[in-house]
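Me: Hi! Could you walk me through the packing in this one?

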Amino acid sequence: MRDVKTFFQYVIPSMLSFALSGVYAIVDGFFVGNSIGDLGLSAVNIAYPIVAVIQALGTGIGMGGAIYYSINKAEKNEAGAKEFTAGALWLLLISSVALTFAVFFLNSSLLGLLGAEGQLLSLGEEYITVIALGAALQVIGTGLVPFIRNHGGSFYAMLSMIAGFVTNIILDYMFVWVLGQGVAGAAWATIIGQGVTMLMALAYLLRKGQFTLRIPSAKLGQVSASVIKIGIAPFGLAMSPNISLIIINRFSVSYGGEAAIATYACIAYVICIIYLILQGIGDGSQPLISRCHGEKNWADLKFVRKLAYGFAFALSVVGCIVLYLTRGSLGVLFGASGEVNRAVAKIIPIFLVSVPFVAVLRITTASFYATEKSVFSYILTFIEPLFMLVLMFILPPLFGGQIMIWWSTVLARVLSALLALLLKRRVDRREMVL
């Protein structure tokens with residue numbers, strides 16, 4: 001499979017799809033920030049990790065099922081491939097119902113845990129209550145996209161994401177600016193946009209005859225357990241920037257206050273697009289890597305992975321250059337105050353240092369879960385926020401408060417990337433022996 005063209009046919013649509021999923025939050029932040037100001041921007045930012053959990057759950061389940069689908073197809077096990085499709089779809093449906101009730105009834109407590117209080121809490125509740133009502137649209141929509149990619153429909157998956165994104169923009173303009181519905185209007189625009197993506201994804205699978213809920217009841221538990229085992233890593237990888245967001249916001253409340261939260265909101269919105277593009281490269285490579293793994297074609301697997309590393313690193317550098325050159329206007333884009341905009345321009349170069357290291361981490365983690373190396377993928381998925389938490393307890397009190405919150409984030413990502421390279425080297429040596 002040493003075909004560069006095939007690699008890009010899978011990766012570029014996946015990369016753009018992931019980028020668009022991140023732009024949903026930016027669009028909400030843009031319209032709300034320019035309508036309400038710093039407070040509205042902070043409310044969407046502090047509530048976004050809850051939205052991210054919903055989307056990441058769909059991604060994790062979908063990726064877990066899709067990876068086993070590809071491996072079984074490569075092994076010529078058609079029955080097994082269909083069972084993993086059905087098992088993943090049942091998990092998506094069940095988790096959608098559970099999340100809808102949990103988020104709707106616990107939104108105030110969840111926002112309180114994230115550090116929201118006062119007017120910030122009130123606006124956050126307004127946003128999340130609506131998001132909860134559309135949780136099923138988001139879970140199922142994001143969960144079906146990996147199956148479309150693994151069925152060879154990467155371009156169609158991208159089109160479904162574009163359709164949802166365009167719908168979100170149009171409705172954000174109507175609901176937030178024209179009708180003045182504030183953060184609730186932004187939330188309605190988001191879930192309707194996700195609904196469009198879900199309907200297009202369903203239409204594709206139905207047309208291809210790949211939508212099935214038929215699975216022997218005796219196998220449902222085993223299949224579900226396998227899907228969850230693999231899906232934990234892509235779930236965690238999708239959540240990683242948001243776990244970081246939670247940690248940074250919680251520590252920033254103590255050291256920098258609302259201004260620091262608003263500053264990181266602007267930085268997180270734009271830099272998260274680069275992170276999602278990098279994850280898109282990893283997950284776009286996944287069908288090819290899983291196929292090579294199923295066929296036990298180690299040479300082609302390493303060829304695909306090498307392309308993924310090179311492409312991810314190149315795009316990370318380009319992304320850093322673009323953000324550095326536009327740093328003076330990023331806060332303005334979201335309607336931030338002059339003080340916050342100046343802080344964004346000053347602070348974002350610190351975060352750009354870590355972006356190439358994130359490229360290494362994302363590709364390595366994706367290659368691990370694409371080849372059923374669950375333990376290593378878990379380690380790389382969750383070690384970054386652990387490093388971050390430890391560093392934030394140590395560095396800010398000793399060396400300078402809020403500025404060390406920012407540097408703790410960067411150092412955590414550098415350390416995680418170095419660990420990823422060590423684990424990759426160990427796996428490569430083992431495969432050479434085999």
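This is a predicted model: local features need pLDDT of at least 70, side-chain atom pairs count only at pLDDT 80 or more; totals for chains, interfaces and linings use all residues.

Me: Which residues touch the most other members in the largest nonpolar core?

Reply: Tyr 127, Ile 128, Ile 131 and Tyr 369, out of 74 residues. Such a core joins buried Ala, Val, Leu, Ile, Met, Phe, Trp, Tyr and Cys through side-chain atoms within 4.5 Å; buried means under 20% relative accessible area, exposed over 50%, partly exposed in between (1.4 Å probe, protein chains only).

Me: And which helix gives the most to this core?

Reply: Helix H2 (residues 38–74), with 18 residues. Helices are DSSP runs of H or I, at least four residues, numbered from the N terminus.

Me: Switching topic, how many aromatic pairs are there?

Reply: A search of the whole structure finds 12. Rings of Phe, Tyr and Trp (its six-membered ring) pair with centres within 6.5 Å; planes under 30 degrees apart are stacked, over 60 edge-to-face, the rest tilted.

Me: How are Phe 251 and Phe 393 arranged?

Reply: They are edge-to-face, 5.2 Å centre to centre with 80 degrees between the planes. Phe 251 is in helix H8 (residues 217–255) and Phe 393 in helix H14 (residues 374–399), so the pair ties together parts 142 residues apart in sequence.

Me: Is Phe 393 buried or exposed?

Reply: Phe 393 is exposed at 56% relative accessible area, whereas Phe 251 is buried at 13%.

Definitions and conventions: Residues are numbered from 1 along each chain as its sequence is written. Side-chain values use heavy atoms; hydrogens and water are left out. Helices (H or I, at least four residues) and strands (E, at least two) are DSSP runs, numbered from the N terminus.
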